[in-house]
Amino acid sequence: MVIESINNPSDVKKLKSGDIEILADEIRRAIIRKMSATGGHVASNLGIVELTIALHRVFDIPRDRLIFDVSHQTYAHKILTGRKKAFLDREHFGDISGFADPAESECDPFRLGHTSTSISLACGLAQARDMKGEKHNIIAVIGDGSLSGGIAFEALNRASEACTNMIIVVNDNEMSIAENHGGLYGNLAKLRETDGKYPNNFFTSLGFEYVFERDGNNAEKLCEIFQSVKDSQQPVVVHVVTQKGKGLEAAEKEKEKWHWHAPFDGRISECGNSNSNAANGNNSVGDNSRDSVSQEDNLPGSDLCSENLQKDNFKDEDLKMPAKKEDYRTYLGEFMLKKMQSDNRVLAVTAATPSVFDFFEDKRVKADSQYIDLGIAEQNAAGFVCGCAAEGLKPVMGVYSSFIMRSIDQLFEEAALNAAPAVFAVGNASIWGTNDVTHLGIFDIPILSHIPGLVYLAPTTLEEMYSMMNWAISCKDGPVAVRIPAGKVYRGKSEPNVSYSLKCEYCVTRKGSGIAVIAAGGFYHLGEAAAEVLSEKYAISPTVVNPRYLSGVDAETLENLKTGHNAVLTLEDGVVNGGFGAEIARYYADSDMKVLVRGLKNEFIDRYDPAEVLESSGLTAEKLALDAFEAYQAFETRSNQDR
């Protein structure tokens, strides 16, 4: 098998011409096998295999610097740069990240996970190269969907003026995560229709040299093109058309659903025979109905089974998807559709991530013109909803926690400073959200909660999410953000207190004494569990508070707790540095109240198990109860001594 001979980029150059197509097929099969077991970015990686092979065949990686935008398409690149074992051997599936990472290989210049940044980074690399008098190629690979990001426009503007070697490969598969949105895509469509000859060319208008290739899944043609632009002394755009999901029938048909996919059950041939068995899912998927793949069912390598890749056929009928888990986003999407149907002023707005509302195509059709996708442009989306709100509309911007950071300036200026009554539904903001280091949802509280005039709410149950969203949409006095929970869906035992205002008001859910547990959002239920341990094990009946608000403090409630309590335990589903608990501690700084601030460490964590992180951080009911009891007991001891 060809893939067995590839251990570094130079090996790709040694291949005979006839081996390239074989290698591409083997890479696809390896990607599909691994994704069936681990989940990941399926369609985007399958579409760029030949392009990646051609880049490594022509350029001298890592001397020539290759930057993949957002890293949604780096799997083939990893296989060709010494990391194939992580795709071929099940025991090593967890060895590498799903994104570019210099710690894994010198062939990855940056650790990347957010979109539209590759050209900007390439401009910096080119500047440094030229100032040092070096001679090598700088190649930025960017998908058509990523071109809508503001930083991509800004970088194109810079790159075209630099008049130096920079090769920008536009991987055009006519898709972002979902369909593309924006005027630029009309121009790309015209370029595709005319084989790149359309006179009103967006790229040439900026000053780029321009090359078009319709068959972007033909490695031989791509090698010829890349050879022609290699060592160019002018910035050039190579526009190639590829097929997203190529090689997996289901992914070719439903590109959006397969952009990223959870583990799936694909029938894989055993070594040398026709028996089929299912790819093994991870713990979140559960047992499959068919037999799971054994540890001996590996892919090629020195001690691996070569035949596994040779006769696999992946058809729709061979794929068994895991049952979809209950998710707050699904309920948020249903809620938004009902609001739209009852009020045509309500808008659902997103920056190319409709999944934050669980708005797949069927829901987008129902929402019609009340659903607006602005492309990968979080800054513009935040400004857009503020403009809508200023004219009496009721816009809700759905945005993931890791991406809302890109619109901070608009949240300060256009939203808060102008008291624009826009709503921001912040998804995946939790330890139970996305666990890749580039997509962490645990840093938003310290930032959003300190924006003056922005109300940041944290529901603890499904019913509370509904009531908070209802109030946020009806609020006319300023911007409101709602931190949509992740993980297990909790339901309230009764209707929550639906009284909200711009003024911070906590809700005491359980009255007690001695210790107060103030547990916000996703960690409220952990706080309840810690309170139960305090009652059962330490004979202390604590007060439990659902703060509801992450922004500001409820001084009245905190003052009341000074009576009959000597210790406060705060919990938040995010980093503690500058977060919710830090504000409680600041409030009590001049008093005798002992405040224990508990949450997550201010650090980057990668591909983690939430349970392990909680355990190592002391965020278990038993450990929290012990900490609170010891603080309470220490205070009582000091008080007795003072007497």
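**Entry 1: Glu104 and Arg83**

I looked up Glu104 and found a relative accessibility of 23%, so Glu104 counts as partly exposed. The model I am reading is a predicted one. Next I followed the side chain of Glu104 to its partner: it forms a salt bridge with Arg83, with 2.9 Å from N to O. This pair links distant parts of the chain, 21 residues apart. Arg83 sits in helix H5 (residues 75–83), while Glu104 lies in the loop between helix H6 (85–88) and helix H7 (118–131). I then checked Arg83, which counts as buried because its relative accessibility is 6%, and the cut-off for buried is under 20%.

**Entry 2: other salt bridges**

I counted 32 salt bridges by the rule used here. Side chains of opposite charge can pair when their charged atoms come close. One of the pairs is Arg329 with Asp327, at 3.3 Å from N to O. Arg329 is partly exposed at 24%, and Asp327 is partly exposed at 23%.

I also looked at Asp606 and Arg607, whose side chains meet in a salt bridge at 3.2 Å, N to O. Asp606 has a relative accessible area of 22% and is partly exposed; Arg607 is partly exposed at 36%. Elsewhere, salt bridges with shared partners join Lys78, Arg83, Glu104 and Asp108 into one network.

**Entry 3: nonpolar cores**

Which residues touch the most other members of the largest nonpolar core? I found Leu332, Met336, Phe359, Phe424, Leu448, Met469 and Ile584, out of 79 residues in that core. Leaving aside neighbours within four places in sequence, Leu332 is in contact with Val356, Phe357, Ala425, Met465, Met469 and Ile484. I noted a second, separate core of 35 residues, among them Ala531, Tyr538, Leu571 and Val575.

Note on methods: Residues are numbered from 1 along each chain as its sequence is written. This is a predicted model: local features need pLDDT of at least 70, side-chain atom pairs count only at pLDDT 80 or more; totals for chains, interfaces and linings use all residues. Side-chain values use heavy atoms; hydrogens and water are left out. A nonpolar core is a set of buried Ala, Val, Leu, Ile, Met, Phe, Trp, Tyr and Cys residues joined through side-chain atoms within 4.5 Å. Buried means under 20% relative accessible area, exposed over 50%, partly exposed in between (1.4 Å probe, protein chains only). Contact means heavy atoms within 4.5 Å. A salt bridge is a side-chain nitrogen of Lys or Arg within 4 Å of a carboxyl oxygen of Asp or Glu. Helices (H or I, at least four residues) and strands (E, at least two) are DSSP runs, numbered from the N terminus.
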